[in-house]
Amino acid sequence: MGLAASQGRYLCLTARMSDLVYEAQQISQQRLALASETSDIATEYSEKLNNRILQATFVDDSGASVTQQLTYEILTSQDPFSGLCMRIVDLNGNVVVPGKESCVSVDEQDEDGNDVTSYYSASEFLNKYLSDDENAAEMSTWTVSELSAYYNENYSESSGVTTSTSTSSYSYLKNDDEKYLYDENCTDPSYLQEMLESGEWLIQQLETDSEWEDIVWQGSSSISSVLDTSDDAAAEAEYEEATARLQKEDKTLELRLEQIQTEESSVETEMDSVKEIISKNIEESFGTFA
C-alpha cells in the first residue's frame, strides 16, 4: 500500500473511531436518562401505594356503620343517616359552598322589611316556577339567569319570583351575619382533602340551634385518614408495564454499546496496522536521505 493510500486509510479510520466514541457517549447519556426515569417511576409507584384519603364514618337509618370517602355532600348533609351534619369555613369565617355559576341573586324583603338575598339553582327555579310550562323539558338545560329572564318576559311579576321568601339550599349553613365563599371545586374530594389537610379550610359542627364551633377533624371519630388501596392494582400494573419497557430499551442500548466497543477494538487494531505500514513506507522511501 502506497504512502498516500495508507495515510488516506488512516484518516478514514480516525474519523470512524471518532464517530464510534461519540455514539457511545450518546448511548451512555440515554442509559443515564432511563435510569433517572426508572427512579422517578419507582418513586411515583411508592407514593401511589402510600397515598391516603379522608374517610367519613356515620350510621345509616338501619343502624349499620357506613364508611365512605369524605365528600362535600356527605360532610354537609343535614340528614344524620346520610352525612355528618357539618360545614366548612375558610380562615376568614366564610362558609364554603359550591360555585354560584348556576345561581342568581334576588333582592327581596323579609317579613320585617329587611333586605335579604336568596339564590336558586336552575333545577329549583324550573321546578318551582316553570314545571308546568310546555317548554319545561327543553328548559332543563338552561341556566337560572335564562330561566329568570324567560319567566319575567312571559309570566306575571305578581307570581312571586322577585318576592319569594324561599331560602338557598345552603341557608342552614349560614347565620345572618355570615358570608359565603363560592368555590365550585369543593365538590371534588381530592381538592377538599387538600384544603382541609393544608389548614386553609376548617370544619365546624352545629352545637346549638345557631352556633357553629370548630372541630379538629384529625381527632374526630367521624373523619379519619386511611390508606387508599383502591388504586393499588392499577398502580402496580402501570409500574410493571413501565419498568418492563424501560428495561427493554436499556437492554437494546446495552447491546448496541457492546457492538460499538467491539468495533472500536477492531478499528484500533487496524489503525495500528496502518500506522506500521506508514512507518515502513517512510523508512523505505526516505531512508536513503537519512
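## Salt bridges within and between helices

Arg-245 and Glu-249 sit four residues apart in helix H7, a separation of about one helical turn. In this predicted model, their side chains form a salt bridge with an N to O distance of 3.5 Å. Arg-245 is partly exposed at 33% relative accessibility, and Glu-249 is partly exposed at 34%. Salt bridges with shared partners bring Glu-37 into one network with Arg-245 and Glu-249.

The whole structure contains ten salt bridges. One of them joins the side chains of Arg-31 and Asp-250, at 2.9 Å from N to O. Arg-31 belongs to helix H1 (residues 3-49) and Asp-250 to helix H7 (residues 232-286), so this pair ties together parts that are 219 residues apart in sequence. Both ends are partly exposed: Arg-31 has a relative accessible area of 25%, and Asp-250 has 22%.

Lys-48 and Glu-238 make a further salt bridge, with 3.1 Å between the closest N and O atoms. Lys-48 lies in helix H1 and Glu-238 in helix H7, and the pair links parts of the chain 190 residues apart. Lys-48 is partly exposed, with a relative accessibility of 25%; Glu-238 is also partly exposed, with a value of 42%.

## Nonpolar cores

The largest nonpolar core consists of 26 residues. Those with the most contacts inside it are Leu-70, Leu-84, Ile-88, Leu-196, Trp-201, Ile-203 and Ile-223. Two or more residues each come from strand S1 (52-59), helix H2 (72-76), strand S3 (86-90), strand S4 (95-97), helix H6 (189-198) and strand S8 (201-206).

The surroundings of Ile-203 can be described in detail. Apart from neighbours within four places in sequence, Ile-203 contacts Leu-75, Met-86, Arg-87, Leu-196, Glu-213, Asp-214, Ile-215, Trp-217 and Ile-223.

## Helix H6

Leu-192, Gln-193, Met-195 and Leu-196 are buried residues of H6. Viewed down the helix axis, the buried residues of H6 fall within an arc of 165 degrees, so they line one face of the helix. This buried set packs against S1, H2, S3 and S8. Ser-190 and Glu-194 are exposed, on the face of H6 turned away from its buried side.

Both ends of H6 have local features to note. At the start of the helix, a side-chain oxygen of Asp-188 comes to within 3.1 Å of the backbone nitrogen of Ser-190. Just after the helix, Gly-199 has a positive phi of about 85 degrees.

Five of the five residues of S3 are buried, so the strand is largely enclosed by the rest of the structure. Met-86, Ile-88 and Asp-90 point one way from S3, whereas Arg-87 and Val-89 point the other way. In S3, the residues pointing either way are all buried, with the charged residues Asp-90 and Arg-87 among them.

S3 pairs with S8 in the antiparallel sense, over five bridges. Within this pairing, Met-86 stands opposite Gln-205 in S8. Met-86 is also one of the residues in contact with Ile-203.

Technical notes: Residues are numbered from 1 along each chain as its sequence is written. This is a predicted model: local features need pLDDT of at least 70, side-chain atom pairs count only at pLDDT 80 or more; totals for chains, interfaces and linings use all residues. Side-chain values use heavy atoms; hydrogens and water are left out. A nonpolar core is a set of buried Ala, Val, Leu, Ile, Met, Phe, Trp, Tyr and Cys residues joined through side-chain atoms within 4.5 Å. Buried means under 20% relative accessible area, exposed over 50%, partly exposed in between (1.4 Å probe, protein chains only). Contact means heavy atoms within 4.5 Å. The arc is that of the directions from the helix axis to the C-beta atoms. A polar contact is a pair of N or O atoms within 3.5 Å; within protein, one must be able to donate a hydrogen and the other to accept it, and residues adjacent in sequence count only if both atoms are side-chain atoms. Two strands pair if DSSP finds at least two bridges between them. A salt bridge is a side-chain nitrogen of Lys or Arg within 4 Å of a carboxyl oxygen of Asp or Glu.
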